[in-house]
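User: I'm new to this one and would like a walk through it. Could you show it to me first?

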Amino acid sequence: QVQLVESGGGLVQAGGSLRLSCLASGSTSNINRILWYRQAPGKPRELVASIRNGDAKYYLDSVKGRFTISRDNAKNTVYLQMNNLKPEDTAVYYCNADLYGVPIEAAPWGQGTQVTVSS
């Protein structure tokens, strides 16, 4: 099993920065990809960024050039550096692990961390 814990959320003014962390524990060798999602009130959850074991990265169009996903394998941690934040980035951010041989429906999720951007 893999467990995920997010941290780093908070309240920031527009134009500010935050760095989210996703710490993985357990059978981390089974992780193929780490994904960051977000969900704003009244909106569906959306994929913001992801990083594969081979370092291939994906970004949502609206965050390209502002957000950077990276990882520190020694710390079993994936980071989401968020710069030039906008009020529309306000959401609960979740990390999710795509595991080898495990259906996506059974993928582990973290508890989420709130990001609030004031205008």
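User: Which residues form one aromatic cluster?

Analyst: Before the answer, note that this is a predicted model, where local features need pLDDT of at least 70, side-chain atom pairs count only at pLDDT 80 or more, and totals for chains, interfaces and linings use all residues. Residues are numbered from 1 along each chain as its sequence is written, and side-chain values use heavy atoms, with hydrogens and water left out. Rings of Phe, Tyr and Trp (its six-membered ring) pair if their centres lie within 6.5 Å; planes under 30 degrees apart count as stacked, over 60 as edge-to-face and the rest as tilted. The structure has two aromatic pairs, and the cluster is made up of Tyr37, Tyr94 and Trp109.

User: Is the pair of tyrosine 37 and tryptophan 109 stacked, tilted or edge-to-face?

Analyst: A pair of aromatic rings is described by the distance of the centres and the angle of the planes. For tyrosine 37 and tryptophan 109 the centres are 5.0 Å apart and the planes sit at 50°, so the pair is tilted.

User: What is the angle between the planes of tyrosine 94 and tryptophan 109?

Analyst: Tyrosine 94 lies in strand β9 and tryptophan 109 in the loop between β9 and β10, so this pair ties together parts 15 residues apart in sequence. The ring centres are 6.3 Å apart and the pair is edge-to-face, with the planes at 85°.

User: Which arginine lies over the face of tryptophan 109?

Analyst: A charge sits over a ring if NZ of Lys or CZ of Arg is within 6 Å of the ring centre and within 35 degrees of the ring normal. Arginine 19 does this at tyrosine 79, at 4.1 Å from the ring centre. Over tryptophan 109, at 4.4 Å from the ring centre, it's arginine 45.

User: Which strands hold cysteine 22 and cysteine 95?

Analyst: A disulfide is a pair of cysteine sulfur atoms within 2.5 Å, and the count here comes to one. The bond joins cysteine 22 to cysteine 95, with S to S at 2.1 Å, and is right-handed, with 70° about the S-S bond. The pair ties together parts 73 residues apart in sequence, because the two cysteines lie in β3 (residues 18-26) and β9 (residues 91-99).

User: What is the relative accessibility of cysteine 95?

Analyst: Cysteine 22 is buried, with a relative accessible area of 2%. Cysteine 95 counts as buried too, at 0%.

User: Which element gives the largest share of the lining of the largest pocket?

Analyst: On a 1 Å grid over the protein atoms alone, a pocket is an open set of points where a 1.4 Å probe fits, with protein on both sides within 12 Å along at least five of seven lines; lining residues have an atom within 4 Å of a point. The largest pocket is lined by 15 residues, and Ile31, Asn53, Arg71, Asn73 and Asn76 lie nearest its centre. Elements giving two or more residues to that lining are β3, β4, β7 (67-72) and β8 (77-82). The largest share, four residues, comes from β4.

User: Where does asparagine 76 lie?

Analyst: Asparagine 76 is one of the residues nearest the centre of the largest pocket. Its phi is near 50°, a positive value in a residue other than glycine. With a relative accessible area of 34%, asparagine 76 is partly exposed, and it lies in the loop between β7 and β8.

Key: Buried < 20%, exposed > 50% of the residue type's maximum accessible area, 1.4 Å probe, protein only.
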